Amino acid sequence: MFETTIAGSLPKPGWLAQKGVLWPDWRAKGAALAEAKRDATILALKEQEHAGIDILTDGEQSRQHFVHGFLAEIEGVDFTRKVKMGIRDNRYEAEVPTVTGPLRRRKSVHAREAAIARAYTAKRLKFTLPGPMTIADTVADAHYGERQSLAMAFAELLNEEARELEGAGIDVIQFDEPAFNVYMEEVGVWGIAALERAAEGLSSKTAVHICYGYGIKANIEWKRSLGREWRQYEAIFPALAKSRIDQVSLECANARVPLPLLGLLDGKDVLLGAIDVASERAETPEEVARTIEAALAYVPAERLFPCTNCGMAPMDRALAAAKLKALAAGAALARDRLGR
Ligand code: ZN
């Protein structure tokens with residue numbers, strides 16, 4: 001009970017990439033970069049094991065950004081045609097590549113990373129991929145003409161990739177869909193259909209991560225503008241509860257999400273964000289335990305998996321390590337108090 005996991009990313013070591021930014025430059029090239037990514041992946045796994053996390057990720061050490069990492073091996077995406085564009089309904093600006101033709105996977109994108117991660121831990125492994133709606137929101141489109149067909153085209157490629165990851169021994173495939181919290185109406189119209197297309201035919205557990213973003217300035221300001229109660233989840237959880245996705249990863253620590261909204265996910269595993277990725281201080285185990293206990297009024301204990309609110313990519317490494325320890329210790333404390 002209360003098995004812990006993380007949303008996905010961990011900070012990268014300074015010798016691998018530029019620190020503290022969302023689109024960091026790599027420190028090396030070619031074979032040296034491949035070796036550095038491998039070493040960082042092993043460290044990320046060991047850091048999680050050391051903290052006592054149960055379901056690990058590769059810390060997304062091999063990708064520059066959680067969306068653009070997947071696009072690196074996709075034909076039809078032109079990284080030489082980068083444009084500045086407002087993303088997440090214009091919340092912040094990003095430099096994004098352009099879709100210039102039909103999309104096709106040149107080769108497996110993450111097989112090597114998954115194999116490395118699988119070789120270095122005996123624990124269960126989760127692998128994260130960007131969700132189709134979020135990808136469509138993080139590229140410029142000069143070919144498909146509308147977001148739904150663009151997202152569906154990406155969903156097919158994601159499904160090919162996910163099937164390979166499953167074959168490589170990955171236990172949980174997670175799709176990251178922060179865009180679900182922004183375009184709530186489109187989620188019901190085509191967002192969940194695209195997500196289910198991406199997850200089609202998988203026998204591993206499937207998850208979707210929906211959050212209020214990394215702890216960056218634009219997101220912190222956005223959250224301040226959302227009022228006393230954040231009710232975005234209310235618009236999308238009922239449809240997600242009916243979907244074929246097994247798990248929903250959501251933000252709950254220091255969030256203004258009304259807890260009764262968790263009750264809308266009846267029948268799903270809830271990956272409960274109990275660690276704030278925007279704070280400069282590690283939670284105490286007591287604080288984590290209290291977040292878990294508050295959610296128990298709406299989520300059965302056997303369906304509750306304590307997690308981080310979001311990825312920790314731009315965070316200080318020592319702080320991230322302390323937060324991992326607090327997460328595992330807080331889950332243990334909550335278990336003890338329940339007497340199991
Ligand atoms: Zn997130």
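In helix H6, the buried residues are Val187, Trp190, Gly191, Ile192, Ala194, Leu195 and Ala198; a residue counts as buried when 20 or more other C-beta atoms lie within 10 Å of its own, as exposed with 12 or fewer, and as partly exposed in between, with C-beta atoms placed from the backbone. Please keep in mind that this is a predicted model: local features need pLDDT of at least 70, side-chain atom pairs count only at pLDDT 80 or more, and totals for chains, interfaces and linings use all residues. Residue numbers start from 1 along each chain as its sequence is written. Helices (H or I, at least four residues) and strands (E, at least two) are DSSP runs, numbered from the N terminus.

**Helix H6 and its surroundings**
- H6 covers residues 184–198 and bends by about 55° at Trp190, the bend being the angle between axes fitted to the seven residues ending there and the seven starting there.
- Its buried residues pack against helices H4 (132–136), H5 (147–167) and H8 (232–242), and against strands S6 (172–176) and S7 (205–210).

- The 21 residues of H5 should span 30 Å at 1.5 Å a residue, and its end C-alpha atoms are 30 Å apart, which agrees; the expected span is 1.5 Å times one less than the number of residues.
- Buried residues of H5 include Leu150, Phe154, Leu158, Asn159, Glu161 and Glu166.
- Just after H5, Gly169 takes a positive phi of about 95°.
- The largest nonpolar core has 102 residues, and those with the most contacts inside it are Phe154, Leu250, Val270, Leu272, Ala274, Ile292 and Leu327. Such a core is a set of buried Ala, Val, Leu, Ile, Met, Phe, Trp, Tyr and Cys residues joined through C-beta atoms within 7 Å.
- H5 supplies the largest share of this core, 9 residues.
- Leaving aside neighbours within four places in sequence, Phe154 is in contact with Leu103, Pro132, Ile135 and Ala136; contact means that the C-beta atoms, placed from the backbone, lie within 7 Å.

**Sheet and hairpin**
- An open sheet of 7 strands runs in the order S1-S4-S6-S7-S8-S9-S10, with parallel pairing; two strands pair if DSSP finds at least two bridges between them.
- S1 and S10 (304–308) stand at the edges with a single partner strand each, so one side of each is left without a neighbour in the sheet.
- Within this sheet, S4 (residues 124–130) and S6 run parallel, joined by 5 bridges, and Pro130 stands opposite Asp176 in S6.
- S2 (residues 74–87) and S3 (residues 92–105) run antiparallel, joined by 9 bridges; Gly86 has Glu93 in S3 as its bridge partner.
- The hairpin of S2 and S3 has 4 residues between the strands, and Arg88 there takes a positive phi near 50°.

**A loop residue, Gln64**
- Gln64 sits in the loop between S1 (55–56) and helix H2 (68–71).
- With 18 other C-beta atoms within 10 Å, Gln64 is partly exposed.
- Not counting residues up to four places away in sequence, Gln64 touches Trp23, Pro24 and Gly69.

**The chain as a whole**
- The chain has 10 helices and 10 strands, and 47% of its 340 residues are buried.
- A compact globule of 340 residues would have a radius of gyration near 20 Å, and the chain agrees with 19 Å; the radius is taken over C-alpha atoms, and the globule rule is 2.2 Å times the number of residues to the power 0.38.
- Of the contacts between residues at least 6 apart in sequence, 78% join residues at least 24 apart.

Notes. Contact = placed C-beta atoms within 7 Å.
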